[in-house]
Amino acid sequence: MKKQKPEHIICFALPAWEADYLRSTVELMKCVSANNLVLYVDYAYTISDCIKGVLGKKKFEWQRLLGIRPRLRRVLGEGDTGLYVLSLPPVFPAFIFKSEKYFTITNKFNAAITGYFINRAVRKLKMKNMVGFNSFQPFLGRHWNITGLKFMVYYIYDDFTNVPWFNGFVTSEENKFILKTDLVIVSSNELQQRKANLHKPIEVVNNGVHFNAFCNKMSGSKINAQYVKTVGYTGTIDNRIDIDLLEKVIKRMPNTRFLFIGKVFDENIYSRLIKYINVCFEPPVPADRMPLMQSQVDLGIIPYVCNALTAAIYPLKANEYLAMGLPVVMTPFASLGEADEVVYTAADATTFVQCIEYALHEADETIIQKRLAIAKKADWNERAIQLMDYIEKYKAIKYNTNPAIEILAR
């Protein structure tokens, strides 16, 4: 990534900086901040969230929302590069309204209050000619008036139209915000196709992996490896999982251990599977401990239902499995691009079992090296370079009328 001077980037994030799981927005901004100055505007917690935090019912640094602790803090880097996180004051919960009118009024009010704190942080950090990177936060993004923004990127890692807890008018809110952007970045080819009618430049930056962290643990010894094989699933346990298929698979493989690591959002899945003696659930672990946990796994699964929601997903866990050289068995819910050639896909329980049994007895070192090679290219640092290259390319088009640049961009 060749740069004359650090870029000033302000990330308006829907994903919270603190979470039980890894977020692509956070990882991209961490890597980008190695060569640039990044201000990460944290998730806009509501008044209700703040009360839950004070009462200990929700875990996050609520003291920063109230200004008891500094709202702005540096978390990475030094000098004129690095990453700062800004906590906003608590906002009014806009999503309680079923009316688009009141939803918009609430967001305008919230944007006016929070925008003041964002502009104050921008002045303190002496940020100028900024690139705005809006990560799935069009609701406030539509109404923020931030001084010094020169180029706006909208980052889409999911499809609002297929997320059940968002109100129906959210898609129109998103489309209105996109009109104000210069570039759209999506996390999957499916999302690129769905957004093709936006009349904006759209580029794909797939999810990544901290390759070395996982690869360095692949040779670790496994507990009881000589007696039983372990099939692993990491990530949130929710309605994306095809529980009917998965339960059939587990029942047909009583001598294989199934390990689930992650937060349970769908209690029905837990109650249906925990009764089997070969099933084990573990709570979510910090991202830096995931490679160690995954070193106990012989094979990774992604048993998602096949629907419009999952078709747009590029799951982080796929690259994590591959970075440890593990075979991967998944339902055909989405394309993983280049990784499609090194994963097994199965649309029904019988085929899923067959794929697991075959993959657990693989003896071809070549296929392991191929998995590692694909995962290495997906390292988060490589993804960050790809992102910044796209930003530089389209900034040049916007501000430079040189015909050669315009021809190159086509």
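Start by selecting I68, which sits in the loop between α3 (62-65) and β3 (72-76), where helices (H or I, at least four residues) and strands (E, at least two) are DSSP runs numbered from the N terminus. This is a predicted model, in which local features need pLDDT of at least 70 and side-chain atom pairs count only at pLDDT 80 or more, while totals for chains, interfaces and linings use all residues. Residues are numbered from 1 along each chain as its sequence is written, and side-chain values use heavy atoms, with hydrogens and water left out.

Now move to helix α1 (residues 24-32) and helix α16 (residues 380-399), which pack at an angle of about 80° with their axes 9 Å apart. That angle makes α1 roughly perpendicular to α16 (65 to 115 degrees). To see the contact (heavy atoms within 4.5 Å), select S24, E27, L28, M29, C31 and V32 of α1 with W380, N381, R383, A384, L387 and M388 of α16.

Technical notes
Axes are lines fitted to C-alpha atoms, for helices over the stretch in contact, and angles run from 0 to 180 degrees between N-to-C directions. Angles under 35 degrees count as roughly parallel, over 145 as roughly antiparallel, 65 to 115 as roughly perpendicular and the rest as oblique.
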